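Subject: Structure handover

Hello,

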Amino acid sequence: MLKVPDHQVAGHHARDGKLGPLIDDSGRFYKPLQGDERGSKEVAFYTSFSSNARIPDHIRRFFPIFYGTQLLEASDGSGLYPHLVLQDVVSGHHNPCIIDVKIGSRTWYLQASEDYIQRSLKKDRETTSLSLGFRISGLQIYDSEESGFWRPEKKRVLGFTADDVRVVLRKFVSSNSPTDSDSEPDCSFASAVYGGSTGILAQLLELKAWFEDQTIFHFFSCSILMMYDKEAIFKGMSSGAEIKLIDFAHVVEGEGVIDHNFLGGLCSLIKMISEILTSPDENPNKTCLQDYEKNHSYLENGTTE
Ligand SMILES: O=P(O)(O)O[C@@H]1[C@@H](OP(=O)(O)O)[C@H](OP(=O)(O)O)[C@H](O)[C@H](OP(=O)(O)O)[C@H]1OP(=O)(O)O
Ligand SMILES: Nc1ncnc2c1ncn2[C@@H]1O[C@H](COP(=O)(O)OP(=O)(O)O)[C@@H](O)[C@H]1O
């Protein structure tokens, strides 16, 4: 039985009779092919990526598994429509906190249409893409059983300044309510989510090492989804923190050149997350640094700068 995803934080939604992604109970995510060349470009990317023997397994795990394409009843009621069949990367999570971070200071590329270039240029300038090298496209932060999720509306998210982005990345790993504007985010889950040998920072660094080498693809307008389960931490279990790359409608061939645009944005995101873990002055009530150093060997073994 296909249904509208409960935990989609950005992009086109299958709501109000519109065309958007669907999920099923077996852990698959069905993304309708976009009508213009974007749909076929995304299929071409997944096909090429899936069969490329040069992609190491430890990098492949950061991408949704691709199961081909399938004709399915579209969410807008228009009848059978081709969909990408992907791994639903949030299906293993319960009440997940999720942020969609669109990487790169530039979401446009020379081969794109003039119309796309103009719209992208405007959005890159008006958001933090240009200043930070990434922007938040959407998010949800689980608050509590009573209040559910904090899901700021799209207009507000696209209006985030660099300072707002910093605060949101702190709220993302805090125990105090994300809607409470009177208290500083306490960052009490920073070490459990961002830190540690398997946390989000470690995963981003692993991805960065690959981007320092790979010249196969250039990933424009692609996002990193960062997610974890807050309730698991309350129960003393692993946070399930993980990153996944999504949205490959604007991937072009790398032609032997490093993807500086993606790499630059990724480094900037890494810096901001590292600062949340290591900067005590922004966290007067709670020193994430102490938790981080207690559970984490990076600073000692020199893997981070
Ligand atoms: O239509 P909009 O204004 O919501 O723009 C979509 C973007 O939403 P945004 O405004 O940046 O949050 C949307 O961004 P997100 O996936 O939400 O990050 C995409 O860029 C989408 O284009 P494409 O499917 O990647 O080619 C964009 O769709 P198109 O306008 O290119 O169809
Ligand atoms: N494979 C996936 N599994 C689960 N959720 C996904 C997956 N791919 C995308 N999403 C969700 O859908 C949103 C939009 O995805 P995206 O591929 O960017 O679509 P669009 O092309 O419409 O922008 C993401 O922010 C995320 O919440």
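A residue counts as near a molecule if one of its heavy atoms lies within 4 Å of it. On that basis, ligand 1 is surrounded by 14 residues, and the closest are Arg 38, Lys 123, Ser 137, Lys 154 and His 250.

This is a predicted model, in which local features need pLDDT of at least 70, side-chain atom pairs count only at pLDDT 80 or more, and totals for chains, interfaces and linings use all residues. Residues are numbered from 1 along each chain as its sequence is written, chains are lettered from A and ligands numbered from 1 in the order in which they are written, and side-chain values use heavy atoms, with hydrogens and water left out.

Ligand site: the shell has 7 charged, 5 polar and 2 nonpolar residues (Asp, Glu, Lys and Arg are charged; Ala, Val, Leu, Ile, Met, Phe, Trp, Tyr, Cys and Pro nonpolar; the others, including Gly, polar). Polar contacts are pairs of N or O atoms within 3.5 Å. Oxygen atoms of ligand 1 lie 2.4 Å from a polar side-chain atom of Lys 154, 2.8 Å from one of Arg 119 and 2.9 Å from a backbone N or O atom of Gly 11. On its own, ligand 1 has 590 Å² of accessible area (Shrake-Rupley, 1.4 Å probe), and the protein covers 80% of this. Helix H3 (114-126), strand E6 (134-144) and helix H5 (154-158) each give two or more residues to the shell (DSSP runs, at least four residues for helices and at least two for strands, numbered from the N terminus).

Strands: E9 (residues 223-229) pairs with E10 in the antiparallel sense over 5 bridges; pairing requires at least two DSSP bridges. Ser 223 has Ile 246 of E10 as its bridge partner. In E10 (residues 242-246), 4 of the 5 residues are buried (under 20% relative accessible area, 1.4 Å probe, protein chains only).

Regards

Key
Polar contact = N/O pair within 3.5 Å; in protein donor to acceptor, adjacent residues only side chain to side chain. Buried < 20%, exposed > 50% of the residue type's maximum accessible area, 1.4 Å probe, protein only.
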